[in-house]
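Open the model in a viewer and keep the selection tool at hand.

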Amino acid sequence: MSKFHQLIFICTVAILSLFLRLGNTQPNTVEILCQKSFFTPNTIEVKKAEPVRLILKSVDVTHGFAIDDFEIAREIPAGPPTTIEFTPDRAGEFPFYCVVRCGKNHLKMRGTLIVR
Ligand SMILES: [Cu+2]
């Protein structure tokens with residue numbers, strides 16, 4: 001291999017490894033629809049120690065979203081989506097639920113975050 005080809009080879013490897021690293025730091029994105037009185041999906045599965053981005057969109061009234069175990073509690077107004085980012089530091093099953101009284105079945109608005 002000539003010096004020129006060696007240089008091309010090294011540059012290609014460097015660029016590819018950079019792209020792979022960037023890919024790995026992208027948060028795991030989950031879109032969640034909020035409507036009276038449920039979340040869709042109501043079971044979310046993510047991986048421990050990997051960043052998670054939840055994009056919550058309410059299609060009717062203001063809802064809420066809380067996961068006590070990860071100290072998350074946010075209002076989800078109707079309209080543009082609300083983004084919540086966190087990195088689960090432990091595995092298990094953690095309940096999430098609505099924290100805004102959104103209607104008579106508000107207390108049924110719950111789901112489960114599974115961290116593997
Ligand atoms: Cu509610």
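**A tour by selection**

Begin with Pro41, which sits in the loop between S2 and strand S3 (43–46). The model is predicted. Select Thr40 together with Pro41: the peptide bond linking them is cis, with omega near -5°.

Show the backbone of Lys36 and Ser37, which are joined by a cis peptide bond with omega of about -5°.

Next, colour S2, S1, S4 and S7. In that order these four strands make an open sheet with mixed pairing. Which strands stand at the edges? They are S2 (38–40) and S7 (82–86); each has a single partner strand, so one side of each lacks a neighbour in the sheet. Looking across this sheet, neighbouring strands are turned by 25° against each other on average, direction ignored.

Seven bridges connect S1 and S4, in the parallel sense. For one of the contacts, pick Ile32, whose bridge partner in S4 is Leu56.

Arg53 has Glu85 of S7 as its bridge partner, and Val52 stands opposite Phe86 in S7.

While the side chains of the sheet are on display, keep in mind that in a regular strand they alternate between the two faces of the sheet.

Move to the loop between S3 and S4, where Ala49 is found. Its phi is near 70°, a positive value in a residue other than glycine. Is Ala49 buried or exposed? Ala49 is exposed, because 11 other C-beta atoms lie within 10 Å and the cut-off for exposed is 12 or fewer.

The next selection is the hairpin of S5 and S6, with four residues between the strands. S5 covers residues 63–67, and four of its five residues are buried. S5 runs antiparallel to S6 (residues 72–76), and five bridges join the two. Select Gly64 to find one of the paired positions: its bridge partner in S6 is Glu75.

Finish at Glu71, in the loop between S5 and S6. Glu71 is not a glycine, yet its phi is positive, at about 50°. Glu71 counts as exposed because it has 8 C-beta neighbours inside 10 Å.

Conventions. Residues numbered from 1 in each chain as written. Predicted model: local features only at pLDDT ≥ 70, side-chain atom pairs only at ≥ 80, totals over all residues. Buried ≥ 20, exposed ≤ 12 C-beta atoms within 10 Å, placed from the backbone. Pairing = 2+ DSSP bridges. Axes fitted to C-alpha atoms, helices over the stretch in contact; angles between N-to-C directions.
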